[in-house]
Amino acid sequence: MTKITKAACIGGGVIGGAWAARFILGGIDVAMFDPHPEAERIVGEVMANAERAYGMLTMAPLPPKGKLTFVKSIEEAVQGADWIQESVPERVDLKRSVITQIDAAADPKALIGSSTSGIMPTELQRDMKHPERMFVAHPYNPVYLLPLAELVGGEKTSKATLDDAKAKLAPIGMKGVIINKEIEAFVGDRLLEAVWREGLWLIKDDICDTETLDDVIRYSFGMRWAQMGMFETYRIAGGEAGMRHFLAQFGPCLSWPWTKLMDVVDLDDELVDKIAGQSDAQSGARGIRDLERIRDENLVGIMHALKSGDGGKGWGAGKLLADFEQGLWANAEKPKTDLGQAQPIRILETKVNAAWVDYNGHMTEHRYLQVFGDTSDGLLRLIGVDLDYVKNGHSYYTVETHIRNLGEAKLGDALYSTCQILSHDEKRLHIFSTIYNADSNAPVATAEQMLLHVDSKASKAVPALPEVIAKVTAIAEAHASLPAPEGVGRAVGQKR
Ligand SMILES: NC(=O)C1=CN([C@@H]2O[C@H](COP(=O)(O)OP(=O)(O)OC[C@H]3O[C@@H](n4cnc5c(N)ncnc54)[C@H](O)[C@@H]3O)[C@@H](O)[C@H]2O)C=CC1
Ligand SMILES: C[N+](C)(C)CC(=O)CC(=O)[O-]
């Protein structure tokens with residue numbers, strides 16, 4: 001797989017800082033150049049929110065974090081970098097001069113992506129010596145969570161550059177889409193600008209305020225867009241007759257007109273004050289970083305929901321997340337666990353993240369089951385029940401679970417889990433897992449579970465394959481000398 005080995009970020013504002021976070025959490029070292037006197041603080045704050053978001057996003061083992069270095073010049077930043085991302089303010093003269101400087105100092109084979117939201121790459125590559133490796137990589141905010149980058153080539157960009165860029169984004173969980181032809185604002189910002197333009201008119205004409213407008217989006221078509229986009233949604237809206245009927249019914253409305261799209265609103269002081277005032281009333285009680293955290297929690301929740309879409313195979317951004325996690329597991333260092341030791345196997349390290357906490361301020365009930373589920377998945381991987389084993393039609397299903405909650409797990413608490421095999425035969429696996437607080441080593445919860453080995457196509461219990469039974473047996477023999485854990489076999493109820 002083709003990978004970025006070192007990245008340079010030129011510009012570390014909203015977008016450059018979040019690109020840096022995406023690279024660093026993907027295990028890539030980043031050299032950052034930004035002359036802003038507070039660049040380190042700003043990028044540090046974005047980085048902290050990004051790490052928090054990844055803690056919620058995935059339990060899969062991320063690679064060791066890349067190193068972030070702030071440097072004093074573009075020339076220094078690009079040394080040794082094979083992906084350089086320009087994210088300076090949206091001015092063609094500034095961007096062109098920065099990109100020309102990058103071109104002169106970088107390895108001629110290094111890829112140079114621009115974050116521009118709308119400037120054509122042909123404009124930006126005009127003065128370069130090696131323009132064939134320059135392209136637009138237009139991301140969406142926050143870059144560390146939203147996986148899309150529109151990849152747009154200019155007149156001098158080679159096809160190989162776009163293919164290489166797309167391939168290099170995949171291992172960091174991003175989806176590069178190559179746009180056929182360059183056009184100002186590409187695809188996403190063309191659409192967003194059309195909606196924004198219309199929104200500005202609706203506010204100017206007092207049809208609604210900013211909060212009502214946002215409500216109309218987020219309680220309705222915003223949710224549809226997140227999972228099916230425009231055309232698949234409208235196909236369904238055409239009923240059984242599909243897209244043709246939809247176009248026949250609603251096409252004529254375009255000329256009624258339902259829209260003021262072609263008129264550009266004059267953003268005069270009066271309208272700016274009006275929008276800014278309404279926005280303050282709507283959201284001013286919270287700071288930007290706080291709003292970013294709420295946004296991130298919601299985005300993570302949406303991606304998790306999409307990961308279970310299409311009957312559990314994953315849909316859209318959720319399918320991409322599932323594929324990303326599969327890659328992380330495949331590349332993860334194999335645990336150095338000595339499976340022959342007479343002690344419960346340490347399986348998982350995690351933290352109680354914000355999305356797990358309920359109104360009591362504790363990790364909520366079903367998250368314990370999630371951690372125990374991830375623990376039994378960890379054990380299964382150790383005995384050879386990995387995704388290939390599952391693809392080939394065999395798996396273990398959990399048929400019974402008894403959880404005991406023994407202590408409190410609060411927001412941010414570091415946890416680890418262990419697992420002991422109590423007994424097994426060719427079809428059954430009887431296990432006991434414990435979640436501990438990593439600071440005090442006090443048990444927080446235990447789960448006793450029975451798993452059954454199945455033929456997943458036939459939906460019936462069958463003996464596990466011999467190589468799996470051999471591994472289970474080796475662990476079970478080592479665990480046979482352990483005392484039965486406190487609480488094994490306990491029933492729910494009061495002593496009489
Ligand atoms: N903010 C957004 O939602 C999105 C922005 N973009 C694009 O990303 C680019 C950057 O936008 P933002 O991050 O929003 O702007 P920003 O204003 O937050 O950040 C720009 C950064 O560039 C730095 N800078 C200025 N001159 C520089 C130079 N010569 N060398 C290095 N750094 C320099 C500034 O100090 C600042 O930190 C723009 O092209 C924008 O269109 C793309 C997608 C979304
Ligand atoms: C406002 N914007 C044009 C800079 C937005 C983008 O380019 C993409 C986004 O994140 O919405």
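In this report, contact means heavy atoms within 4.5 Å. The structure is a predicted model, in which local features need pLDDT of at least 70 and side-chain atom pairs count only at pLDDT 80 or more, while totals for chains, interfaces and linings use all residues. Residues are numbered from 1 along each chain as its sequence is written, and side-chain values use heavy atoms, with hydrogens and water left out.

Trp19 lies in helix H1; helices (H or I, at least four residues) and strands (E, at least two) are DSSP runs, numbered from the N terminus. With a relative accessible area of 0%, Trp19 is buried. The accessibility classes are buried under 20% relative accessible area, exposed over 50% and partly exposed in between (1.4 Å probe, protein chains only). Residues up to four places away in sequence aside, Trp19 touches Cys9, Gln85, Ser87, Ser115, Ala137, Pro139, Val143, Ala149, Leu169 and Met174. The C-alpha atoms of Trp19 and Glu193 are separated by 23 Å, the two residues being 174 residues apart along the chain.

Helix H1 (14–25) also holds Val14, which is exposed at a relative accessible area of 58%. Gly13 sits in the loop between strand S1 (6–10) and helix H1. Its relative accessibility is 30%, so Gly13 counts as partly exposed. Beyond four places in sequence, Gly13 touches Ala18 and Asp34. UniProt positions are given in the numbering used here, feature names are shortened, and annotations may be inferred rather than shown by experiment.

The unreviewed UniProt entry also carries the annotation "domain: 3-hydroxyacyl-CoA dehydrogenase NAD binding" over residues 6–181. Across residues 6–181 the chain is 37% helix and 21% strand, with the end C-alpha atoms 29 Å apart.

**Domains**

The domain assignment gives domain 1 (6–186), domain 2 (204–285) and domain 3 (335–479); such bounds come from an automatic or database domain assignment. Between the C-alpha centres of domain 2 and domain 3 the distance is 47 Å.

**Helix packing**

Two helix pairs are set out below. Axes are lines fitted to C-alpha atoms, for helices over the stretch in contact, and angles run from 0 to 180 degrees between N-to-C directions.

| Helix pair | Angle | Axis separation |
|---|---|---|
| H7 (residues 188–204) and H11 (residues 269–283) | about 90° | 10 Å |
| H12 (residues 288–307) and H13 (residues 317–331) | about 85° | 7 Å |

Angles under 35 degrees count as roughly parallel, over 145 as roughly antiparallel, 65 to 115 as roughly perpendicular and the rest as oblique. H7 is roughly perpendicular to H11, and H12 and H13 are likewise roughly perpendicular to each other.

In the second pair, Met303, His304, Leu306 and Lys307 of H12 meet Ala317, Gly318, Lys319, Leu321, Ala322 and Glu325 of H13. The residues of that contact divide into five nonpolar, two polar and three charged.

Helix H12 also contains Asp296. At 1% relative accessibility, Asp296 counts as buried. Apart from neighbours within four places in sequence, Asp296 is in contact with Asn49, Ala53, Pro142, Tyr144 and Leu145.

Notes. Chains are lettered from A and ligands numbered from 1 in the order in which they are written. Ala, Val, Leu, Ile, Met, Phe, Trp, Tyr, Cys and Pro count as nonpolar, Asp, Glu, Lys and Arg as charged, and the others, Gly among them, as polar.
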